[in-house]
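User: I'm new to this one and would like to learn how to read it. Could you walk me through it?

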Amino acid sequence: MKILFTAEYAGSLDAFRQYGDLVVTGWAAGDSKLSEDALIAHGQDADVLIVSYDDITARVIDACPQLKLIACTRANPVNVDLKAAAARNIPVLYTPGRNADAAAELTLGLMLSLARHIPQAHGALKRGEFTRATQGSNATQQGLRQDVVWDVDKSSPYEVFKGGELRNKTLGLVGYGSIGQRVGRLARAFGMSLLVADPRVAAEDIDEPGVRKATLEELFTGSDYVSLHLTVTPQTTGLIDQRLLGLMKPEARLINTSRAAVIVEEDLIVALREKRIAGAALDVFASEPIWRDHPFITEFDNVVITPHIAGATRETLVKHTAMIAADLQRFLSGEPLHYRWPSA
């Protein structure tokens, strides 16, 4: 059996080598994403394709007559033509939840950054602001212990970067899947209460002190922070628009580590520009990479942005490599698959 492996991975690939000829190329070998022609050249006699970002089109599938299994190390195999795979009765594997911890932790990091102005304070010091020209220490009055206050006036960093605490604040979670639930648990540890909006979640299943199911309108009206954890569907595309943003408190903040398509980006820009909300933290954008003159970069000092890195941890690679290896073993043993894409 031949396995073509182009996915990003971590750890040993011995679990795959034991089944036959393993060809590691493309992203897995430190190179770029493969073209259709390159995939066909490497995989035309392959039994298994394991990819992360390469486009497995109908043409690629048709050109691989021995293909029996496709594995995509992502939570949503958007780069695989599922209809073409189904027409050949080829199962498609995916890795749900493999980056849930990573995305949840980044979400909390962004929330803390908004609450405590961490990026702004860091940037100011790196630019030399609030610093002294020479090494030294403040003089201390006789009889007093050394003080640790940098300065005491309205222009001091203590005043400029004074923020708020997460404790006793309300976090609204739009989407309560594997990532949303993890964010909720972390937020509860900070002493936050939760409002949850997810049509797939029953109120009885989250009935506990400090956690309550809500409508979108209730959530946007009552939350101090709103965090989005949605997949892109016809129902969620553009869901967060001027109407919902207009329901938020002026001191509330929006966080998105899911997909940019769920927000009408121009509506968010207007809400920030008109100070209808206090700020936003975003890991995803309508066009990526974000253009350097985007208002999120040039205009707003209350927007924290990161370059689509929510799932970018070494542990994520370890998890999805293990998940695919385990399901490949089940596939070859004729056992039920745990990570088969439902629509495949």
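Analyst: Let's begin with pairing: two strands pair if DSSP finds at least two bridges between them. Helices (H or I, at least four residues) and strands (E, at least two) are DSSP runs, numbered from the N terminus. This is a predicted model, where local features need pLDDT of at least 70, side-chain atom pairs count only at pLDDT 80 or more, and totals for chains, interfaces and linings use all residues. Residues are numbered from 1 along each chain as its sequence is written, and side-chain values use heavy atoms, with hydrogens and water left out.

User: How many helices and strands does the chain have?

Analyst: There are 13 helices and 12 strands.

User: In what order do the seven strands of the open sheet run?

Analyst: Strands of a sheet pair through backbone hydrogen bonds, either parallel or antiparallel. Here the order is 8-7-6-9-10-11-12, with parallel pairing. Strand 8 (211-213) and strand 12 (303-305) are the edges, each pairing on one side only. From one strand to the next, the twist averages 15°. Zooming in, strand 9 (residues 225-228) and strand 10 (residues 253-256) pair over four bridges, and Tyr225 has Arg253 as its bridge partner.

User: Which strands does helix 5 lie across?

Analyst: Contact means heavy atoms within 4.5 Å. Axes are lines fitted to C-alpha atoms, for helices over the stretch in contact, and angles run from 0 to 180 degrees between N-to-C directions. Helix 5 lies across strand 6 (170-174), strand 9, strand 10, strand 11 (279-282) and strand 12, at about 155° to strand 10. Helix 8 (residues 178-189) lies across strand 6, strand 7 (193-197) and strand 8, at about 175° to strand 6.

User: Is Arg98 buried or exposed?

Analyst: Buried means under 20% relative accessible area, exposed over 50%, partly exposed in between (1.4 Å probe, protein chains only). Arg98 sits in the loop between strand 5 (92-93) and helix 5 (100-116), and Arg98 is buried. A salt bridge is a side-chain nitrogen of Lys or Arg within 4 Å of a carboxyl oxygen of Asp or Glu. Arg98 has none; Glu8, the nearest side chain of opposite charge, is 5.3 Å away. (Lys and Arg count as positive, Asp and Glu as negative; His and the chain ends are not counted.) A polar atom of the Arg98 side chain does lie 3.3 Å from the backbone oxygen of Thr73.

User: Where does Gly246 lie?

Analyst: Gly246 is in the loop between helix 10 (242-245) and strand 10. Its relative accessible area is 49%, so Gly246 counts as partly exposed.

Terms used. Polar contact = N/O pair within 3.5 Å; in protein donor to acceptor, adjacent residues only side chain to side chain.
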